[in-house]
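Reader: I would like to discuss the salt bridges in this model. Could we begin with the terms and then go through some pairs?

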Amino acid sequence: MVDPDEVNALAQLMTWKTAVANFPYGGAKGGIGCNPRELTVSELERVTRVFTQKIHDLIGIHRDVPAPDMGTNSQTMAWILDEYSKFHGYSPAVVTGKPIELGGSLGREAATGLGVVFATEFLLDEYGMSIANMKFAIQGFGNVGSWAASFIHQKGGKVVAVSDITGAVKNPNGMDIPALLKHKEKAYSLKDFEGGDAMNLNDVLVHECDVLIPCALGGVLNKEIAADVKAKFIIEAANHPTDPEADEILSRKGVIIRPDIYANSGGVTVSYFEWVQNIQGFMWEEEKVNYELKRYMKRAFSDIKAMCHTHNCNLRMGAFALGVNKVARATVLRGWEA
């Protein structure tokens, strides 16, 4: 359930995330306090349209551009677009993550998962490693986790453990991810997958692996779990999955953490590309979208490394220092300094 503190924290994270990614957005967040799984499609539509009626004067093409997050999808964004257009005229650039038929961008659905894989590749390359034959544990198998697992599988990585709210499965030799996706699509659950053994949901985070990718909720890596984490690398695909105490414990253990404000920025980056395409009225091919995503993330990684070198700090501090410095510089240039 969303609450004001979480929304405020996520809005701040978005501010630093867009600064790190280096495109002209600020940061905002919003939500509706409900469980979408308990609502019918008709109820979800009515709730979304009423929400849009309440905020239509607060959002806009050059003011606040909503994008999908937990519990929402391209259909949700289509409803927001349609309701907003009743007040302001047809404005496809007012939301991103839309269906392709309504001005959505090719590659947007897979963008966050693909960005996670790019972030992983860049990090492993720094240590002379690659995704191929590395062992991955993925907590969360929704949009982000399933796409990340698919790309990792394609690149020769071994996904040895996966979990979501329906269950958890493991296979020390790596799972057949296309088969797992088909199973979940058919059964709506990870349970009873023949290509792996059932395991405890909470054990995925401490499973034997090289790379751990938390893709679900925030705060899952806490001080109780951190000491038992066996991964050498953590890629934060979820928003703030590691609490401060766990972060300190993991750092002392020598675990390398790729922070969320960079690792999961693929989605907002392609949302930016969608906004650009809508404003231009010129849509890109998927190859261009993915090429530009990789280029933006590569540049941001280089900027973070430079900041880490300058301040002799870890990747999380380097990423936050980069984001805060960019915002502070822009603030001073606009004459807003105290």
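This is a predicted model: local features need pLDDT of at least 70, side-chain atom pairs count only at pLDDT 80 or more; totals for chains, interfaces and linings use all residues.

Reader: Is glutamate 83 buried or exposed?

Author: Glutamate 83 has a relative accessibility of 4%, so it counts as buried.

Reader: And which side chain meets glutamate 83 in a salt bridge?

Author: That of arginine 49, with an N to O distance of 2.8 Å. Arginine 49 belongs to helix H2 (residues 41–55) and glutamate 83 to helix H3 (residues 74–88), 34 residues apart. Arginine 49 is also buried, at a relative accessible area of 16%.

Reader: Changing topic: what does lysine 98 pair with?

Author: Lysine 98 forms a salt bridge with glutamate 274, and their closest N and O atoms are 2.6 Å apart. Lysine 98 sits in the loop between H3 and helix H4 (111–126), while glutamate 274 is in helix H10 (residues 266–280), so the pair ties together parts 176 residues apart in sequence. Both residues are buried.

Reader: Where do glutamate 245 and lysine 223 lie?

Author: Glutamate 245 is in helix H8 (residues 244–252) and lysine 223 in helix H7 (residues 223–226), 22 residues apart. They form a salt bridge with the closest N and O atoms 4.0 Å apart. Glutamate 245 is partly exposed at 45%, and lysine 223 is partly exposed at 43%.

Reader: How many salt bridges are there in the whole structure?

Author: The search finds 16.

Terms used
Residues are numbered from 1 along each chain as its sequence is written. Side-chain values use heavy atoms; hydrogens and water are left out. Helices (H or I, at least four residues) and strands (E, at least two) are DSSP runs, numbered from the N terminus. Buried means under 20% relative accessible area, exposed over 50%, partly exposed in between (1.4 Å probe, protein chains only).
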